[in-house]
Amino acid sequence: MKRRRDLFVGFLLILPALIVLGALYVYPLILSVYTSFTVQGRYGLTNYVKAFDIYWRDIIYSVAISFATTVATLIVSVVVSGYLRFKSWKFLELMYKLPLFIPFLIVGHAMRVFLAPHGTLNNLLTRILRIEELPGLSRSWIGLVWAFVWIMTPYATLIVLGAFRSLDSAYIEAAQNVGASKWKIVIDILIPMCRPSIMVAFILTFVRTISSLTIPIMVGPASPNMITVNMMFRVNYFNDWGTANALGVVSYLIVMVFAIYYLRFMAAERGGIKA
Amino acid sequence: MRKLCGVMLLIVAAVLLAQANIPIKVTLTMMVAGDQNMVDFFQYEIAPEFEKLYPNVKVKVVGTGPGDAGSQQIIQQLQLEKDSGKDKWAIDLVVIHEAGTIWAIERGLIRPYTDFLTTRRLVTMKTAEVALGVNVNGYVMPMFHSQTAIAYNPRFVKDPPKSYAELVEWVKKNPKKFGYNGIKGGMSGVSFVFGWVYWKSKNPDVLMNGPFDEKYMEDWPQIYAELKEFNKYVTLTAGNAGTLDALNRGEIWMGPVWVDMFYTWIREGRMDPNIRLILPEPGMPGQPMYFAIPTKAANADYALKLIEFVTSPAVHAKYIVDKFNWYPAIGVEYVVPHLGKEVFERLYRDIKEADLLKFGKRMPIADYRTRMLEAYERWVEK
C-alpha cells in the first residue's frame with residue numbers, strides 16, 4: 001500500500017515535466033509528421049515526392065555543410081582544449097567562450113559584412129597584399145562553414161575541455177615520463193580516453209548546425225540552400241506546410257541516424273566499463 | 001443638516017458626472033506585416049496623431065515581420081481568434097500583403113468595409129479591386145503602392161540599360177556587376193524574376209490578370225533556361241538590404257531595389273545619394289499594402305477611422321509620401337496640393353509618373369506566382 005502511494009507521489013512529481021514535454025515536444029512532433037503526409041485533407045506521399053524532387057540537392061548539401069562544420073569545429077576545439085589542458089592562458093580561456101554570448105543574428109550580420117567582397121577582411125587583405133577585387137567569402141559555402149565554426153566552437157570546446165581536464169593527470173604524467181610529446185599525448189591519450197565526450201560534442205554540433213536558420217539565410221549562398229531555408233520558403237511564399245513538414249521529417253531522420261549511433265555507442269562503452 | 005447637504009451635493013455631482021459624455025477607453029490593436037519602417041510608421045507617426053484626435057483611444061501596434069511571412073503570421077493569429085469562437089476578436093485592424101489578403105478572404109477572416117470609407121473614392125489604381133487576379137473589392141483599402149526598380153551607380157554606369165534586353169547585353173560586358181537576391185532573400189529579387197518572365201513570355205497580360213491555364217506556361221522552360229544563363233554573369237546578393245549594401249560598397253553597380261527602401265536609406269544617410277533609379281522596359285512589378293478589418297474586430301469603428309485618417313490626402317502626403325517615400329495609394333492629383341515641390345521631384349525624379357503607369361506592372365496572379373517561384377527553384381537553382 002505504502003509502495004503504491006510512493007509511486008503515485010513520484011508520478012505526481014514528474015507530471016509537470018511530462019506535461020511540458022508532451023505539449024511542447026511530443027505533440028508538435030506528431031503533428032509535424034502527420035502534416036507531412038497530408039495534402040489538402042488527403043493522405044499521401046505527394047509532399048515527400050515534391051520535397052525530394054525539388055530539394056534532393058539541398059538535403060545532401062545540408063548534410064555536407066553540417067558535417068564539414070562539425071569536423072572543423074572538433075579540430076579547433078581539440079586544439080584549443082589540448083593547449084589549455086597543459087598551459088593556462090587566461091586570454092584564450094576568455095576568448096573561446098566569447099561567441100557563446102553573441103546571438104546568431106548578430107553573428108550573421110557581422111559575418112556578412114566581414115566576409116563581403118568589399119568587406120572588412122578583404123579591405124584589410126587588399127591593404128596588405130595590394131591585390132584589388134578579391135573574391136568575397138560571404139554568400140559561399142566557405143563563408144557559411146566559417147560562420148558556423150565560429151559559433152559552434154565554444155560549446156564543443158566546453159565539452160571537450162571539461163573531459164580533458166577531468167581526466168586523471170597520472171595518465172599524462174606517465175606518458176610524459178617515457179618521453180611522449182604533448183601533441184602525442186593529445187592524439188594518443190586524451191582523445192581516445194575522452195571519446196564519449198567528443199562524440200557528444202560531435203552530435204550536438206551537428207544537430208545545432210543542421211537546424212540553424214539565421215546563419216544560412218544571412219551568410220549562405222543563394223543556392224543551394226540548407227533545408228531550414230527551404231522550409232521557411234515553402235511556408236512563407238506558398239503557405240505550404242505539407243512540404244515544409246516533409247523536409248522537417250527528413251531532417252529528423254538525418255539527426256536520428258546519429259542519435260541511434262550515439263546511443264549504441266554509449267551503451268557499448270558502459271558495457272565495456274562494467275566488464 | 002450640514003451632513004445632509006454634503007451628501008446631496010455628492011449625489012448631484014455623481015449624477016452630473018455620469019451624464020457627461022465620457023468616452024470609453026479603447027485599445028485599438030493593429031497587426032502590421034512589413035519591414036520595421038512600417039511598424040515605426042504606425043507606432044511613432046500615426047499613433048500619436050490619431051490619439052490626439054481621439055484621446056480615448058490607445059493604438060497598439062504589433063509588427064509581424066517582412067514579406068509574406070509577416071502576412072502569414074497575421075493569418076495564423078486571426079485563425080486562432082476564429083477557432084476560439086469568441087464574439088469579439090482581439091485584433092482590430094491588419095495591414096497585409098496581397099497574397100495574405102486572398103488567404104484571409106478565403107478563410108473568412110476579414111470583412112468588407114470600404115463602402116463606409118470616404119477616401120476609397122480617391123483611389124485610382126486597380127489594386128483596390130484586384131489582388132493577384134482575385135477580386136478583393138470591398139475588403140481592402142490600399143495603404144500605399146511600392147514599386148521595384150533597378151538602381152545603378154552613375155560613377156560606373158554612364159549609360160544604364162533601359163530594358164531587360166539591354167541589361168542582358170550589359171551583364172555580358174560587365175560580368176558580376178549586376179546583383180540581385182535570388183528568390184529566397186526578399187521580394188526585390190522575386191520582382192526582378194517576375195519582370196524577366198513578363199519580358200520573355202508571349203502572354204504577360206494573362207500572367208498578370210488570368211485566367212490560369214497551364215498552356216500559358218509552355219514557353220517557361222526556355223525562359224528560365226535563359227535566366228539561368230543570365231545568372232552566370234550576375235552576383236547573387238543577400239536579401240533586399242544586401243543588394244543596397246553591395247551597391248554602397250561598390251561590389252555591384254546595378255541591382256533591383258524597392259524604391260521606398262532606397263529613398264529612405266538615402267534620407268537616413270545610409271546610402272550613397274548619387275545612386276539613381278531606372279524602371280526598365282517592359283517593366284517590373286510593384287505591390288500595394290492593404291488595410292483590412294478582421295471579421296469580428298472588437299473596435300471596427302475606430303479601425304475605420306484610422307484608415308480614413310491615414311488615407312486622407314493631407315496625412316497621406318505628409319507621412320506616406322514625404323516621410324516614408326512610398327507612392328500614394330490615392331490618386332496623385334489629390335496628394336500634390338499638400339506636397340512640397342522638392343518632395344514631389346524627389347519621388348518622381350528618376351521614374352516619372354508616366355513611366356510608372358507604363359512600366360509599373362502588377363504581381364502575377366496567385367497560381368502563376370507559385371509556379372514561377374517553383375520553376376525558379378527547379379530550373380535555375382540547379
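A crossing is right-handed if the near helix is turned clockwise from the far one by less than a right angle, and left-handed if anticlockwise. The exercises below use this idea on a predicted model.

**Exercise 1. The two chains**

Solution. 
- Step 1. Read chain A from the N terminus. The order is α-β-β-α-α-α-α-α-α-α-α-α-α-α.
- Step 2. Get the spans. The C-alpha trace of chain A extends about 80 × 70 × 30 Å along its principal axes. For chain B the spans are about 100 × 45 × 35 Å.
- Step 3. Look at sequence separation. Take contacts in chain A with a separation of 6 or more: 74% join residues 24 or more positions apart. In chain B the corresponding share is 77%.

**Exercise 2. Two helices in chain A**

Describe how helix 4 and helix 6 of chain A pack, and which residues make the contact.

Solution. 
- Step 1. Locate them. Helix 4 of chain A covers residues 104-114, and helix 6 of chain A covers residues 141-166.
- Step 2. Take the geometry. The angle is about 140 degrees, and the axes lie 11 Å apart.
- Step 3. Classify the angle. Roughly perpendicular ends at 115 degrees and roughly antiparallel needs over 145. Helix 4 of chain A is therefore oblique to helix 6 of chain A.
- Step 4. Helix 4 of chain A passes helix 6 of chain A in a right-handed crossing.
- Step 5. List the residues. Helix 4 of chain A gives A:Phe104, A:Val107, A:Gly108 and A:Met111. Helix 6 of chain A gives A:Gly143, A:Ala147, A:Trp150 and A:Ile151.
- Step 6. Sort them by class. This contact of helix 4 with helix 6 of chain A has six nonpolar, two polar and no charged residues.

**Exercise 3. One tryptophan**

Decide whether A:Trp150 is buried, partly exposed or exposed.

Solution. 
- Step 1. A:Trp150 sits in helix 6 of chain A.
- Step 2. Count. A:Trp150 has 18 other C-beta atoms within 10 Å.
- Step 3. Apply the cut-offs. Buried needs 20 or more, and exposed means 12 or fewer. A:Trp150 is therefore partly exposed.
- Step 4. Find its partners. With neighbours within four places in sequence left aside, A:Trp150 is in contact with A:Pro99 and A:Val107.
- Step 5. A:Leu94 is 56 residues from A:Trp150 along the chain, and their C-alpha atoms are 15 Å apart.

**Exercise 4. Two helices in chain B**

Work out how helix 3 and helix 4 of chain B are arranged.

Solution. 
- Step 1. Take the geometry. The axes of helix 3 (residues 67-84) and helix 4 (residues 98-106) of chain B come within 8 Å and cross at roughly 20 degrees.
- Step 2. Classify. Angles under 35 degrees count as roughly parallel. Helix 3 and helix 4 of chain B are therefore roughly parallel to each other.
- Step 3. The crossing of helix 3 and helix 4 of chain B is right-handed.
- Step 4. Name the residues. From helix 3 of chain B come B:Asp68, B:Ser71, B:Gln72, B:Ile74, B:Ile75 and B:Leu78. They meet B:Ala99, B:Gly100, B:Trp103 and B:Ala104 in helix 4 of chain B.
- Step 5. Sort by class. The contact of helix 3 with helix 4 of chain B has six nonpolar, three polar and one charged residues.

**Exercise 5. Across the interface**

Find what chain A brings to its contact with chain B, and how helix 11 of chain A meets helix 3 of chain B.

Solution. 
- Step 1. Count. 20 residues of chain A are in contact with 19 residues of chain B.
- Step 2. Name the elements. On the chain A side, helix 2 and helix 11 (227-238) give two or more residues. Helix 11 of chain A has the largest share, six residues.
- Step 3. Sort the chain A side by class. There are 11 nonpolar, six polar and three charged residues.
- Step 4. Take the geometry. Helix 11 of chain A and helix 3 of chain B pack at about 70 degrees, with axes 7 Å apart. They are therefore roughly perpendicular to each other.
- Step 5. Helix 11 of chain A passes helix 3 of chain B in a left-handed crossing.
- Step 6. List the residues. A:Val235, A:Asn236 and A:Tyr237 of helix 11 of chain A touch B:Gly67, B:Asp68, B:Ala69 and B:Gln72 of helix 3 of chain B.

How values were computed: Residues are numbered from 1 along each chain as its sequence is written. Chains are lettered from A and ligands numbered from 1 in the order in which they are written. This is a predicted model: local features need pLDDT of at least 70, side-chain atom pairs count only at pLDDT 80 or more; totals for chains, interfaces and linings use all residues. Two residues are in contact if their C-beta atoms, placed from the backbone, lie within 7 Å. Helices (H or I, at least four residues) and strands (E, at least two) are DSSP runs, numbered from the N terminus. Ala, Val, Leu, Ile, Met, Phe, Trp, Tyr, Cys and Pro count as nonpolar, Asp, Glu, Lys and Arg as charged, and the others, Gly among them, as polar. Axes are lines fitted to C-alpha atoms, for helices over the stretch in contact, and angles run from 0 to 180 degrees between N-to-C directions. Angles under 35 degrees count as roughly parallel, over 145 as roughly antiparallel, 65 to 115 as roughly perpendicular and the rest as oblique.
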